Amino acid sequence: MTRIRHLVSVEDLASAEILGLFRQAKEYAGDLRGWSEVCRGRILASLFYEPSTRTRLSFESAMQRLGGGVVTSAEMSSSSAAKGESLADTVRVVSGAYADLIVLRHPSEGAARLASEFSRVPVVNAGDGSHEHPTQTLCDLYTLWIEKERLEGLDVVLAGDLRYSRTIHSFVYALARFGANIVCVPHRGLELPEYVVRRLREEYGTEPVRADATDLGDIARESDAVYLTPQKPHQLSLFTDASRLRVDRVDAVYMTRPQTERHGDAEVSARYMRLSSSAMAAAPLREAIVMHPLPRRDEIAAELDDDPRSRYFTQAARGVPVRMAILAFLLGRLELEAQPPENEPRMFPVELGVNPCPNTNCVTHTEKRHLRLGFRLTSRDPLRAACGYCSHEIPIGLVGCSTTRHFHARDSATARKIRPDHLVFFRDEQQAMALGFSAAVR
Amino acid sequence: MTRIRHLVSVEDLASAEILGLFRQAKEYAGDLRGWSEVCRGRILASLFYEPSTRTRLSFESAMQRLGGGVVTSAEMSSSSAAKGESLADTVRVVSGAYADLIVLRHPSEGAARLASEFSRVPVVNAGDGSHEHPTQTLCDLYTLWIEKERLEGLDVVLAGDLRYSRTIHSFVYALARFGANIVCVPHRGLELPEYVVRRLREEYGTEPVRADATDLGDIARESDAVYLTPQKPHQLSLFTDASRLRVDRVDAVYMTRPQTERHGDAEVSARYMRLSSSAMAAAPLREAIVMHPLPRRDEIAAELDDDPRSRYFTQAARGVPVRMAILAFLLGRLELEAQPPENEPRMFPVELGVNPCPNTNCVTHTEKRHLRLGFRLTSRDPLRAACGYCSHEIPIGLVGCSTTRHFHARDSATARKIRPDHLVFFRDEQQAMALGFSAAVR
Amino acid sequence: MTRIRHLVSVEDLASAEILGLFRQAKEYAGDLRGWSEVCRGRILASLFYEPSTRTRLSFESAMQRLGGGVVTSAEMSSSSAAKGESLADTVRVVSGAYADLIVLRHPSEGAARLASEFSRVPVVNAGDGSHEHPTQTLCDLYTLWIEKERLEGLDVVLAGDLRYSRTIHSFVYALARFGANIVCVPHRGLELPEYVVRRLREEYGTEPVRADATDLGDIARESDAVYLTPQKPHQLSLFTDASRLRVDRVDAVYMTRPQTERHGDAEVSARYMRLSSSAMAAAPLREAIVMHPLPRRDEIAAELDDDPRSRYFTQAARGVPVRMAILAFLLGRLELEAQPPENEPRMFPVELGVNPCPNTNCVTHTEKRHLRLGFRLTSRDPLRAACGYCSHEIPIGLVGCSTTRHFHARDSATARKIRPDHLVFFRDEQQAMALGFSAAVR
C-alpha cells in the first residue's frame, strides 16, 4: 500500500507536484461544473475547531464540484471536544469510516501534524493557529502563476502586518522556494520576524538586502523596505548596486490586514496603511496586480475594487479550483507526473517526557494525551532544533546524550556528534541534573 | 450574456413568471424524488446571518432534490462578519466560484438588495429583517392557487398581528397583485400599517372598505374588520352595499402568530386571538382553508390539526417544490414562457453622502462600507421616495436640485420638475443650507 | 400502504431483522464507496437539539455513502425551538416534504417516540436524554457479532459506570435478547439500576447470579461482580456451581466512561477504574476484545490503543455500515427476509389529564403541547405500568377504573381485572378523590 499523503505544510508537496496541481486547477477552472464524477462516492469531513466560513465553504464547494460528499462540524469545540475527547481520538474515529479525507481547522499550532499521525485518511491543514494554512498559500501562489505565467524572478511587494500574519509567513517561504524576490514593506513595528528571515536564509538561500523603495511612493513612505532575493547571480545582475537595490518594477502587491486579534493594538489599526488608487499610481506599480488574503477591512480602499489590477476577489475565487486539485490528488483521483518530496524532515522523539517547546499555543501543550513529543533538527552547526508540531525553535541551553547521560555545551564539538535520536535538550544545568544527567568528563 | 436574475422581492418576478413557477412546482410535487438531474453540478450557498432552520432546510432540501450541492453557513454572524468583513465583500467572494446561487438571511432590512448588487450569481432573499421574504410569500400564494385553482377574486381573511408580520405585508401585496380580496381581522392595536394600506391603494389600486364581519363570529369579535378589494366593477358587484361589505363566504383564513420578539408585549400574547374549531364553525368559513406561516404557538388550537380545512402543514411542505422551481429557474435550468418584469423600479443615487433613510434597521445604516446609497421614486405627485434598500419612506422636508444647488418646497411645481437623478432630500432648511444649498430665487 | 417503520428503540426491530441488517452492514463494509445509488434522491434531515458530532457525522456519512442527500440542523435548540415551536410541529413540517427520514437527537427522554407519532417519514432516535440510543446499541452488538461470529452464549464484561450510561442499559437488554451472558463489574456506587435488573428478569428471563470475579484481576478488584445469564440449561451447565459462578473466559470487555455530566461527581472521576495493559493481562481476558462507546477520557490507557484486542476505534467506524443498513431499510431500499416484531407494546391513553410520569426529564413534561399522554402495561401481576414515552415506571398508589369511577388497591383482584384502556393511576386516595373517584363498594 502506498503511504497516505497529507497536506499539513506546503513543504509536504514537491515543487513539481505544486506546479502539477496548478496545471490541473487551471483545467478545472475552465468549467467548474464539469467534474462531478471525479470524487463520486468519496466523503470529506470538515472539522472546524474555530469558525472560518470562507475556508470551510471553499473546501466544501471544491469537494461538491468534484461530486463528493461532505460532512461538516463547523463548531467542533462545542461538541466532542467538550466531552474531553482528545484530538487524536476524534481523528481516529472520523478517519475510520466516516470520511475519506479530513479538513482540519484548529486554534492550536501543530494540531494538523498531530492529526495526520493518527489519521487513516489524508489530513488537510485548513489553518492551525498562527502556524500554517497551506491551501491559502497555494491559492496565492496560483494567482501569481496564472497572472504572470511564472514564479521565478517575480518581484512581489508584501505590505502591512508582516509579523503576525500566518498567511504572509507561509507565502514568503513559498515565494523563496520558487525563486521569487520579496520586497517587504511592513507597517512600522510589524516587520517580518527574525526567525522567518533566518529560515529564509538557511533553508532557501534567500538574502535580505536593504532596498530603496522611494519609487514605491505612498505604500512605502513610512517603511524601511527590505528586499529578499535568492542569492543567485542572474538575480543580482538585475541590479546595479546589490547593497541598496532599487525597486522599479513590481509584479504584485500583496496587502494584509492588521491581525488585531493577535496584537490587540487599536492604535495600529488606526494608523494602518491603506492601499488606494493614488498609492497604486506609483510608476513601479503600473503592472502590479493587487492581492489580499481577505477578509479586508479598510486597508484596501473600495475605489480599487474596479481597478483592473485588483485581483483579491479573483484570488479568493481561485481557492475552489486549487482545492479541487488538492482534494482530487490526495484522494488518489488525480495522478501527477512528479515525485513526492524526497527528504522528509525526520521527527525525533523527545526523551524524558519534558516538553521543550516554548510556544504556549502549541498543540503539545493543549493536547497532552496521545501525543508523542518530537523535534526536528533544523541545523547541525549551530545546533538548532524545532518543535516537531508547531515548528517553533526550541531554546537550547545544554545538550544531553540519552545513552551516556552526560550533558554538554550547545556549541561543543561533542554536542554536534550526538546522534539525533539520542539528543536531549536542557534549559540549564539545573534541569539537566534534576533529570539525572551529569557534566561530561574530559 | 443575459443579466442575472435575483429574487429579492416578489416584485422581481412578473405575474406570468409566478404562475409559470407554480405550474412547475406542481409538477415537481408530483414526485419529489424524480428530479435529481436538474441542477446536477450546481452549488447553492446558504448564508444565514440569523438562524432559521425551517427556511434553510427547505431551500437546502429543494436544492438537493434537484441534484445540486449545498454549502452552508448557518451562523454567518459568528464568523466572517466577526472579522469585520462587509456583506458586499462576503458576497463577492462566495459568488466568485464557491456557489452558483446564494440564499441569504440577514437581520438588516435591504441586505438582500445590497447583496444582489455585488453578486455574480443569483441571490435569493430568505428574509431581511422585517422587510421581505419572497419565497415564503410565493409558497403561501401557491397554496391558495393549488387549493382554489385560481387567485383572482378569492376572499382571504388575514387574522392576528397584521402590524409586525413581514409575512403578512408581502402576502397582502401579492394578493392585491393577483386580484384577491383581503379581509383584515387584526388583533386590536396590531392593524395593518398605514403605509401598507397606502401602497396597496397607490400601486395596486386596492381600496379599503369597512366590512361587516359579524358573520365571521369568534375570530372577528374584537376586531374592526377592513375589506381591501381591487377597484374593479366585477368585484364590487358581488356586494349589495359597497360602503359596508358583508363578508359571507371566505376562501381562506390566514392566521399569524404575535411577533412578540418585535413588539415585546407579553400582554398581547396573553389576550391574543385563538383559532379553534368553534371559531371555524362560523357559516362563511365552511369552505375556508386555514393557513399559517408557522411556527405557531397557541394561536391555532391543536384540535384543528385534524380538521380537513387545515392546510398549514401542507403549506409548509409546499415550500420545497416551490423553492425547487425558483432555484431551477434562477439557475437557468427551467425556462418559463413569460417575460421578466418590464419596468424595473429604478434606483437613483443619493447625493451628498447624507443617508436619508429613517429606518435604523436598514442595511444602509448597519453596512456602511461598499454601499452606494440609493432611492426609488414611489410617487411624483405628491413627491414620495423610498429607500432603495429597505423600502422605507424617506421623510422629505425640502427638495433640492443637485445642479442648481437650490432647494424647494416638497409640494412645489419646481420640485416636481427636478430630474430624479438630480433630486436631493432635506429634513429641513438648516440641513439644506449646511450642505451648501440655497433657497430658490423667484 | 405499508405502515412507516421507525427506530426509536431496539425493540422496534425483530431479532431476525437485526441479524438481517448486520448481514447487509457487513456487505456494505466490504466497500464503503460502492453503494452511491442505493438512496439516490432521498433526503435525510439531521435534527440535533443537543450537539453530538460523532453520531451526527456517522449518520450523515452513512446517508451520503448511500448516495442520498442530507439537510442538517446541528443546533435546533437555538432556532425553531427558540420561537416556541413544539417538537410535534417541527416534525410535521420537516417530514412534510423536506426529508424522507428524520434523525433526531433530543435532551428529553421519550422525544423520539413523540416525534414518531407526528412524522410522516421514518424517525431514527439518535439519543433521547438518558433513555435510548438504538443505533449505538446496534453498532456495539454488530461489533460482537462480527468479531465472535455469534451472540448467543458470549460472556461480556461491562465495566465502569453502569448506572448512568444510556449506552449500557440498551446494550444490556440487547445482549439478554440475543442470549449473551453479562458480567457486571461496576465502579462502586455506579451499579446497574434495580429497574434494569428487574426488566432483564421479567422481560428477558435473565437471572443475576453473584459471580466470582477474582480471575478478572485488576478490573474487578473493587467490584462486586454480578453475572446475568439467560436461565437456560445449556448456560448453567457451563459452570460447576451455579450459585457462585466463576468467570474464566471472557469474550469482550465493554468499558464506559464516567457520566460526570449526569452525576457531576468529581471524586468518582478521580478514582474511576482504568483499563490498562496490565489489567488486560488477566488470564480470562486473553481473547477478550476491548470495546468502548467513545469518547473516552482516561478510563482506557493509551497503551492499549495498539493492542490487537482493542476494538473501540473499529467499533466506532462500524457505525457507518450499520447505519447505512438501517437507513436503507427504513427508506424502503433494502428488503429483509424477516417479519417485523409481532406484538408491539400497546400504548393506552392516560385519562383525566394528570401526567403520572415521575421523570422530570421526560418529554411529557418538557413538551406539553400536542402530546397525548400514554402508558404501557409492563406487568399485570403485580400491576406495573411505564410512561409511554420515557419508559420510566409509573408510581401507582391506587388504581381507578374510568367507567365505574371507583378506585382500588393496586394489588387487589379488582384492579387486575380493569381493562387497560380504563385504567387510571393515582398517587394516593386524596388525588383519586380530588379527581372524582370514590372507594369501591363491596
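What rotation superposes chain A on chain B? A rotation of 120 degrees does it, with 0.0 Å of shift along its axis and an RMSD of 0.0 Å. The two copies are thus related as by a three-fold rotation axis. The superposition is by least squares on C-alpha atoms of residues with pLDDT of at least 70 in both copies.

This is a predicted model: local features need pLDDT of at least 70, side-chain atom pairs count only at pLDDT 80 or more, and totals for chains, interfaces and linings use all residues. Residues are numbered from 1 along each chain as its sequence is written, chains are lettered from A in the order in which they are written, and side-chain values use heavy atoms, without hydrogens and water.

**Stop 1: the contact.** Select chains C and A. Chain C gives 28 residues and chain A gives 29 (contact: heavy atoms within 4.5 Å). Together they bury about 2600 Å², 51% of it on carbon and sulfur atoms (accessible area, 1.4 Å probe, lost on being put together, summed over both parts).

**Stop 2: the charges.** Six salt bridges cross this interface (a side-chain nitrogen of Lys or Arg within 4 Å of a carboxyl oxygen of Asp or Glu). One of them can be shown: Asp100(A) with Arg65(C), closest N and O atoms 3.2 Å apart.

**Stop 3: the surfaces.** Only 7% of the interface residues of chain A are also interface residues in chain B, so the copies meet through different surfaces.

How values were computed
Buried area = accessible area lost by both parts, 1.4 Å probe.
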